[in-house]
Structure formats: C-alpha cells, structure tokens
Amino acid sequence: MEQLRLSWKAAWNKAWNDLTDPFDRLSEVAFGVIMALTIITVIPTAAGGAGREQLVLAALGCNLAWGIVDALMTLVGMRVDREHRHAGLRALRQSGDEESFREGLRGFLPDPVVDHMQRTDVQRLRQSLLKSLLGTGDTPSLGREHWLAWLILAGHTFVATLPIILPLVFVPNDVLALRLAQATGLLLMFGLGWLLAHWAGGRPWQGAVGFTALGVAMTGICLALGG
C-alpha cells in the first residue's frame, strides 16, 4: 500500500496533535527535572564536592542521553503498534463471516461500541474495508511525523534541564546556586502539576501541590537508590 508523504508542516501538526499529547510532553519535562535534581544533588556528595562545570555537563549530558533513549523507545512503540494494527486489519480482511469480523473490530473499537453496532453497520464497515487498501501489502513505514514526535519528546526532556542549571552558571555562591537550582526544580514541578490538572479538567491548585509532592518523592527515591 502506497503511503502518503506529509509535508513538513502537516507532519509537525500531526506529531504535535496526534502522536504526542500534553501528558506525553509534560511527562518528559518532569523526567528531565527529576533527573537534573538528582544529578546536581547526588554528584557533589558522591564526588566529594564536584565543580560547577562538572554538574552542568553531567546534568545536560544525562538528560540529553535519557531524552534520546526514552524518545527512541517511544518510536519503537509506534512501529510495533503499526505492525500490530496492520496485522489486525489483515485478519479483518480475511474474516470468514460477519460475526468474526465483529469480534475483530474489538481490536480497534471499544467493546460497548462494537456490542451496540447494528448488523447493517457491521456489513457496511466490512464492505468499506474490503474496497480499501487497508491491511494489504507491507506494514507502512514510519513517516517524518514520527521522527518529529521523537524530536519533540527528546527535546522536552533536554530543555527541562536548562532552567535548573542557570543558577549554577550565574550565581557566584556555591551553596546559594545549588539551593536556587533545587528551588527552580520544585517550581517547575508545581507548574507542571498545574498544567496537567488544567488539561485533565481537574483542580489546578490541588494538582500542582500533589504533583510537586510526587516529584519530591520520586527525586528522593532516585537519591536513596543512588541516582
């Protein structure tokens, strides 16, 4: 089956609106914040007082590596999902009767929707599928929109490091710089909780406080387990 190649603008819109959502992007920022907080806290202790340049490079390098790896695993997940769906569509095309076709639809539609579909609806869907090219040929390869989604997720993890390391770059006093960096991380977690709660339709203040507490707890777990 020939795959439609999207323009860069259309691919970006699909990557931003369909392949990733606010939860995905904010989660990557949260991962980056927790990683950076863990690094700037644990390295000075483990290294007997690491220099600022070491902290900055460690935080940037680790978050860049984590962002790349985590986003690549998301990309692998997208490929596996395409393989799975393509195989499911192929199986639907080969369904011997309407009842087996209806059961196969459960891999694509919620059970209540399938349960309440009329026989004519099932017949119409089956005929439309057989007339299309869906489920034929090889599995469509990943398009530029998937690689842009990878870039979005990896970029969010890496960019989350920048506000935290700024005090380490510009504040002369070592202790004050470290405390400001940690406070910046907490403020970021508060803001992320607010945005997540607002997106989910919940209570922003409650979400912000709860997510900040969760972030502190997760950072503490990372520190307790050695970073």
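Let us start with the cysteines: how many disulfides does the count come to? A disulfide is taken here as a pair of cysteine sulfur atoms within 2.5 Å, and by this rule the count comes to zero. Cys62 is in no disulfide, as the nearest cysteine sulfur, that of Cys222, is 10 Å away. Cys222 is likewise in no disulfide, and its nearest cysteine sulfur is that of Cys62, at 10 Å. Cys62 has a relative accessible area of 29%, so it counts as partly exposed, and Cys222, at 28%, is partly exposed too. For these labels, buried means under 20% relative accessible area, exposed means over 50%, and partly exposed lies in between, with a 1.4 Å probe and protein chains only.

Before going further, a word on what you are looking at. This is a predicted model, in which local features need pLDDT of at least 70 and side-chain atom pairs count only at pLDDT 80 or more, while totals for chains, interfaces and linings use all residues. Residues are numbered from 1 along each chain as its sequence is written, and side-chain values use heavy atoms, with hydrogens and water left out. The score pLDDT is the predictor's confidence in each residue, from 0 to 100. The chain averages 87, and 94% of the residues score at least 70. Where is confidence highest, and where is it lowest? Helix H7 (residues 144-159) has the highest mean, 93, and helix H2 (residues 22-46) has the lowest, 84. Where pLDDT is low, the predicted coordinates should not be read in detail.

Now follow helix H3, which runs over residues 52-93. Helices here are DSSP runs (H or I, at least four residues), as strands are (E, at least two), and they are numbered from the N terminus. H3 has 42 residues and reaches 61 Å from its first C-alpha to its last, close to the 62 Å expected at 1.5 Å a residue. That expected span is 1.5 Å times one less than the number of residues in the helix.

Charged pairs come next. Side chains of opposite charge can pair when their charged atoms come close. A salt bridge is a side-chain nitrogen of Lys or Arg within 4 Å of a carboxyl oxygen of Asp or Glu, and a search of the whole structure finds eight. One of them joins Asp18 and Lys14, at 3.8 Å from N to O. Both residues lie in helix H1 (residues 8-19), four residues apart, about one turn of the helix. Asp18 is exposed at 54% relative accessibility, whereas Lys14 is partly exposed at 30%.

Another salt bridge pairs Glu98 with Arg119, whose closest N and O atoms are 3.1 Å apart. This pair links distant parts of the chain, with Glu98 in helix H4 (residues 98-104) and Arg119 in helix H6 (residues 119-131), 21 residues apart. Glu98 is partly exposed at 23%, and Arg119 is exposed at 58%.

Arg106 and Asp111 also meet in a salt bridge, at 3.3 Å from N to O. Salt bridges that share partners join Glu103, Arg106, Asp111 and Asp115 into one network. Within this group, Arg106 is partly exposed at 27% and Asp111 is partly exposed at 41%.

Finally, look at Arg203, in the loop between helix H9 (174-200) and helix H10 (204-224). Arg203 is exposed, at 64% relative accessibility. Arg203 and Asn63 are 140 residues apart in sequence and 30 Å apart in space, C-alpha to C-alpha.
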